Amino acid sequence: MAVVFEKPKALSDVPFHYCPGCTHGIVHRLVAEVIDELGIEGTTVGVASVGCSVFSYNYFDCDMVQAAHGRAPAVATGLKRALPDNCIFTYQGDGDLAAIGMAETVHAATRGENITVIFINNAIYGMTGGQMAPTSLPGQVTQTSPYGRDVSTAGYPIRVCELLSTLSGTALAQRVTVDNVKHVLEAKKAIKKGFENQINKRGYSIIEVVSTCPTNWGLAPAEAVKWLQDNMLPYYPLGVYKDVTAEGGNN
């Protein structure tokens with residue numbers, strides 16, 4: 001009998017700890033499938049961030065390094081410079097990448113560090129109880145914005161792909177989501193391009209995945225997907241914000 005679907009070899013046999021309806025598991029699988037298809041498992045090093053995905057070092061069956069909160073780009077930079085022939089990727093949430101780690105993110109991108117960044121944007125701090133994040137939407141109710149995010153005091157949410165697309169060292173800045181089959185396939189294609197860019201030494205690639213957090217949003221899994229579609233995607237439009245392969249070369 002022909003095998004039509006199986007667990008990627010780059011995923012371990014450890015069960016995910018994520019909440020029902022969380023899309024971390026889908027994205028983990030896509031990253032692992034890309035590692036398998038490119039045949040780079042033995043030369044790939046992942047950098048786990050602090051947040052809900054902190055245990056990703058248990059889930060990816062490749063070398064993994066745990067970084068301090070927000071420092072994944074700095075750790076990945078050191079790894080890539082020490083191991084230039086290896087594929088180095090970070091897996092970060094919005095609190096890690098866009099808050100405490102924003103300086104590392106911007107400077108790694110502007111230096112054109114040849115790494116691949118998987119960025120999970122669920123508009124909230126997941127692991128620590130649902131506080132407002134830099135990506136929380138205007139008016140969004142969180143544990144630390146019970147009356148909704150007030151942009152007059154908290155400012156506006158950060159659109160990371162749009163920001164990083166302005167930097168010369170960025171090779172790819174693309175926003176995707178995994179709310180349906182079509183979008184899952186598009187997300188995998190983007191993740192694969194991010195790894196291929198690294199293999200071809202094109203510079204810094206970031207793939208932002210607009211994601212759900214049913215537990216901290218206080219919604220059932222299906223309701224969370226609908227909330228993402230109705231609220232997050234209008235503010236965070238999907239698309240390619242920069243792609244040097246389409247522009248005919250690096251800047």
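In this predicted model, strand β5, which covers residues 170-177, pairs with β6 in the parallel sense, and seven bridges hold the pairing. Within this pair of strands, R175 stands opposite E208 of β6. Together with helix α8, the strands β5 and β6 make a β-α-β unit that is right-handed.

On its other pairing, β6 (residues 204-210) is joined to β4 (residues 116-121) by six bridges, and these two strands likewise run parallel.

Seven of the seven residues of β6 are buried, so the strand is largely enclosed by the rest of the structure. In a regular strand, side chains alternate between the two faces of the sheet. For β6, Y204, I206, E208 and V210 point one way while S205, I207 and V209 point the other way, and all of them are buried.

Seen as a whole, the sheet is open and consists of seven strands in the order β2-β1-β3-β4-β6-β5-β7, with mixed pairing. Its edges are formed by β2 (63-66) and β7 (239-243), each of which pairs on one side only. Neighbouring strands of the sheet are turned against each other by 15 degrees on average, with direction ignored.

Helix α1, made of residues 24-38, lies across β1 (44-48), β3 (87-93), β4 and β6, and runs at about 175 degrees to β3. H24 belongs to this helix. Is H24 buried or exposed? Because buried means under 20% relative accessible area, H24, at 6% relative accessibility, counts as buried. When neighbours within four places in sequence are left aside, H24 is in contact with Y18, C52, S53, Y91 and I120.

Helix α3, residues 72-82, lies across β1, β2 and β3, and it too runs at about 175 degrees to β3. Which residues of α3 are buried? They are A72, P73, A76, T77, L79 and K80. The cover over these buried residues of α3 includes the strands β1, β2 and β3 as well as the helices α5 (102-110) and α8 (181-199).

Terms used:
Residues numbered from 1 in each chain as written. Predicted model: local features only at pLDDT ≥ 70, side-chain atom pairs only at ≥ 80, totals over all residues. Heavy atoms only, no water. Pairing = 2+ DSSP bridges. Helix = DSSP H or I, 4+ residues; strand = E, 2+ residues; numbered from the N terminus. Axes fitted to C-alpha atoms, helices over the stretch in contact; angles between N-to-C directions. Contact = heavy atoms within 4.5 Å. Buried < 20%, exposed > 50% of the residue type's maximum accessible area, 1.4 Å probe, protein only. Right-handed = clockwise from strand over helix to strand, strands pointing away.
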